[in-house]
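Colleague: I've got a few "how do you know that" questions for you. Can we go through them with the structure open?

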Amino acid sequence: MSRLIYADNAATTQMDIAAFEAMKPFLTNEYGNASQPYAFARKPKKALQDARETIASCIGAAPEEIFFTSGGTESDNWAIKGSALLNAHKHATVTSAFEHHAVLHPCKSLERSGYPVAYMWPSREGYITAEILKEYITSQTYLTSVMFANNEIGTVQPIKELCAVAHENGSLFHTDAVQAVGHIPVDVHDLGTDMLSASAHKFNGPKGVGFLYIRSGLKVMPYSDGGAQEFGLRAGTENVAGIVGMAVALKNNCDALEENARYVEGLEARLARMLDNSGIKYVRNGGKSRLPGLISLSFPDADGEAILHRLDLTGICISTGSACNSKNTEISHVLQAIRLEDNYAKGTVRVSLGKSNTEEDVEALFKALMKIFRA
Ligand code: PLP
């Protein structure tokens, strides 16, 4: 069996060992319920407080602006439904056509309840610019939601400018920053965003835990009703171990943000150089402002799903942008939104390198691709 080469870090990441170690006590001896008043609950309660402070400091927020959730999907659902349903006068939401389904599906759900949603088309390079937003936003727009970085093509959006346009037009702004937090600088107050979603497993934390930043003073509907946890807005006993692991992982990533980005960009450049020199015909999707390590490659007249399976047979994990059903190839909504020609879209794969990848991984991936295309 060949060595596993994991190049799908946009799907999930390897757990940070220090984060895992920090979680252990709260899964074993320190199992007290943080809401209880007795001494045995003090450690978990303090751990939650510390985690909230750590996470807040990593994104330039105040601790009381961090709300723990079960991950990116919950954070997105909460931000979108929880704010849109609250305003009696304005009902419209603007989002982009290439958001993750964790944003698109709650938007569809709003539409079914009679709340209009406009879906902005990005540029062919994969950007929602301020000019594009100005075409869609109206005086009825209550919420504008644009992802920080696209999970399929990696393009990083001009969030600060988009926030400014939203606010000038009286709209709140939310960003799904699931792919960005822990990988590129994120400062909520500098950006001016009202809400921001993040997920621990995308930055070397555990699965099933995340957070939603909600700007202080902003009113949103509770995500769940019940106990008084999360300032009375998200009822349910806290996942203390998960939250502790998330905070440690985020702090570690943020402390080494530039170093990690430079390292991963080096690997990425190496792969691009080898591909360019190989003579294999391909395009790289997305413009210049991109997440480090996320490479969306389209090979004309190839089959992305077949490439994925061929690589899988050699122990290499990547993703694709198209999936075959029994009748035809379904092209992802992201590739459709950037209007990629069908023959390129069908041959699209996403390689997402992370800090655990090595030069040997990149070389093995390149060699495996060569085998496929030279066969
Ligand atoms: N938003 C984006 C951009 C994502 O990439 C993902 C996960 O792939 C999610 C939301 C959902 O996050 P989670 O898996 O934590 O629910």
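Colleague: What makes up the area buried between domain 1 and domain 2?

Modeller: This is a predicted model, and in it the area buried between domain 1 and domain 2 comes to about 2,700 Å². Carbon and sulfur atoms give 51% of that.

Colleague: How do you know that the domains are in contact?

Modeller: Contact takes heavy atoms within 4.5 Å. On that rule, 30 residues of domain 1 are in contact with 35 residues of domain 2.

Colleague: Why is the meeting of glutamate 341 and arginine 124 called a salt bridge?

Modeller: Set the value against the cut-off: the nitrogen of Lys or Arg has to be within 4 Å of a carboxyl oxygen of Asp or Glu. Here the N to O distance is 3.6 Å, so the pair of glutamate 341 and arginine 124 passes. The count between domain 1 and domain 2 is one salt bridge. In general, side chains of opposite charge can pair when their charged atoms come close.

Colleague: What else links the two sides, and how many polar contacts are there?

Modeller: Across the interface there are 21 residue pairs in polar contact. On the domain 1 side, α9 (257–278), β10 (294–298) and α11 (333–337) each supply at least two residues. The most come from α11, with five. By type, that side of domain 1 has 11 nonpolar, 13 polar and six charged residues.

Colleague: Why is lysine 43 with glutamate 30 called a salt bridge?

Modeller: Same test: their closest N and O atoms are 3.5 Å apart, and the limit is 4 Å, so the pair counts. Lysine 43 sits in helix α2 (residues 42–58), and glutamate 30 is in the loop between α1 (17–27) and α2, 13 residues apart. The whole structure has 16 salt bridges.

Conventions: Residues numbered from 1 in each chain as written. Predicted model: local features only at pLDDT ≥ 70, side-chain atom pairs only at ≥ 80, totals over all residues. Heavy atoms only, no water. Buried area = accessible area lost by both parts, 1.4 Å probe. Salt bridge = Lys/Arg side-chain N within 4 Å of Asp/Glu carboxyl O. Polar contact = N/O pair within 3.5 Å; in protein donor to acceptor, adjacent residues only side chain to side chain. Helix = DSSP H or I, 4+ residues; strand = E, 2+ residues; numbered from the N terminus. Nonpolar A, V, L, I, M, F, W, Y, C, P; charged D, E, K, R; others polar.
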